[in-house]
Amino acid sequence: MLDKNKQQPFYQVPKAFGNLLEEGKMSLIDIWIYTIMYDTYKITTLRDEQGNKYIKISYETLMKKLNVNSRKTISNSIKNLINLGLIKIETTKGKSTKYFI
């Protein structure tokens, strides 16, 4: 329950996502995944060899945060975010995926 007398943290969502949602280019799950990733990205200290910030986040974490039971739903949303150019990924066999925002 929200305490109206206490300032609550909030997520920031780009207004352009509303247009992409209306155009059918993004789903609400896509928007939430990007929002969670961006929120994590703002505080990450992880950097690649070139000094670029990245995050690591598991499908299980996203599934739990979004109350989604399907890995395929998460996978499809991540693929859509990549296709829209909103995130990039780097995979290495045996290691966690790196997500670049």
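Trainee: What is the relative accessible area of K25?
Mentor: This is a predicted model: local features need pLDDT of at least 70, side-chain atom pairs count only at pLDDT 80 or more, and totals for chains, interfaces and linings use all residues. Residues are numbered from 1 along each chain as its sequence is written; side-chain values use heavy atoms, without hydrogens and water. Buried means under 20% relative accessible area, exposed over 50%, and partly exposed in between (1.4 Å probe, protein chains only). K25 is partly exposed, at 45%.

Trainee: Which residue forms a salt bridge with K25?
Mentor: A salt bridge puts a side-chain nitrogen of Lys or Arg within 4 Å of a carboxyl oxygen of Asp or Glu. For K25, the closest N and O atoms are 3.4 Å apart. The partner is E23.

Trainee: Which helix holds both K42 and D39?
Mentor: Helices are DSSP runs (H or I, at least four residues), numbered from the N terminus. The side chains of K42 and D39 meet in a salt bridge, 3.7 Å from N to O. They sit three residues apart, about one turn, in helix α2.

Trainee: How many degrees of arc do the buried residues of α4 cover?
Mentor: In α4, I74, S75, S77, I78 and L81 are buried. The arc is that of the directions from the helix axis to the C-beta atoms. They lie on the same side of α4, because their arc is only 165 degrees.

Trainee: Which residues are exposed on the other side of α4?
Mentor: Helix α4 covers residues 71-83. Its other side has two exposed names: K72 and N83.

Note on methods:
Expected span 1.5 Å × (residues − 1).
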